[in-house]
Amino acid sequence: MKLRYAMVCSSNQNRSMEAHSLLKKQGFDVSSYGTGTHVKLPGPSIREPNIYEFGTPYKQMFDELHRKDPNLYKRNGILNMLKRNSGVKLAPQRWQDNAADGVFDVVLTFEEKVFDVVVEDLHNREQALLKPVLIINLEVKDNHEEAAAGARVALDLCEELEATESWADNIDEIVSAFERRHHRKLLYSVSFY
């Protein structure tokens, strides 16, 4: 694969990790991140989320939630998600703290507010390399079923980008064709490293 990808959602748990897992299995050079202040996972009620710091290992989250209420977290899919995540990488990472990870060719977000944070963050970074980066938002609801479907759509989009000689020269045509084929609107922007 010739391009380097970043998958980004709010907590680096569900949507970004589902896409990261699928693209990694397909041989893509891919990383994933979240943009939130903390990592939030559903708790016993909407008012009682489980909150972790970015960098807390997925295995540690799994063990803690398994001790708290194994039936609840198995039933709502959180334990399976954390098990998958720990097979992909050690811990959730925060987008705004990723400069040491190098540059990406394509950043794919799964929520418009996450897209806005990534675009603003890239615009605020020093643009010394003048290397373009494509930021695309593919809106995906934050549940397990939609994340799985969204990951397959993200894979299709990444395969389209890989197949073109230059995404910068063909992005309008790629997006138009993708939107017609998948009946989904994409939001995109170009920034620079």
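Which residues form a negative surface patch? They are Glu112, Asp116, Glu120 and Glu139. For a patch, residues need over 30% relative accessible area and no salt bridge, and like charges are joined within 9 Å. Asp and Glu count as negative here, Lys and Arg as positive, while His and the chain ends are not counted. Each charge is placed at NZ of Lys, CZ of Arg, CG of Asp or CD of Glu.

Before going on, keep in mind that this is a predicted model, where local features need pLDDT of at least 70 and side-chain atom pairs count only at pLDDT 80 or more, though totals for chains, interfaces and linings use all residues. Residues are numbered from 1 along each chain as its sequence is written, and side-chain values use heavy atoms, with hydrogens and water left out.

Helices here are DSSP runs (H or I, at least four residues), numbered from the N terminus. Glu112 has a relative accessible area of 43%, so it is partly exposed. The cut-offs are under 20% for buried and over 50% for exposed, with partly exposed in between, using a 1.4 Å probe and protein chains only.

Now for charges that pair up. The structure has 12 salt bridges, each one a side-chain nitrogen of Lys or Arg within 4 Å of a carboxyl oxygen of Asp or Glu. Here are some of them:

| Pair | N to O distance |
|---|---|
| Arg94 and Asp97 | 3.9 Å |
| Asp121 and Arg125 | 2.8 Å |
| Asp156 and Arg181 | 3.2 Å |

The salt bridge between Asp156 and Arg181 ties together distant parts of the chain, with Asp156 in helix α6 and Arg181 in helix α7 (residues 167–182), 25 residues apart. Asp156 is buried, at 17% relative accessibility, whereas Arg181 is partly exposed at 41%.

Asp121 and Arg125 are both buried.

What about a charge without a salt bridge? Glu162 sits in helix α6, residues 144–163. Glu162 is buried but has no salt bridge, and Lys2, the nearest side chain of opposite charge, is 5.5 Å away. Its side chain does make a polar contact with the side chain of Tyr5, at 2.9 Å. A polar contact is a pair of N or O atoms within 3.5 Å; within protein, one must be able to donate a hydrogen and the other to accept it, and residues adjacent in sequence count only if both atoms are side-chain atoms.

Technical notes. Helix = DSSP H or I, 4+ residues; strand = E, 2+ residues; numbered from the N terminus. Patch = residues over 30% accessible without salt bridge, like charges linked within 9 Å, V, L, I, M, F, W, Y side chains within 5 Å. Areas by Shrake-Rupley, 256 points an atom, 1.4 Å probe, with all protein chains shown as cover.
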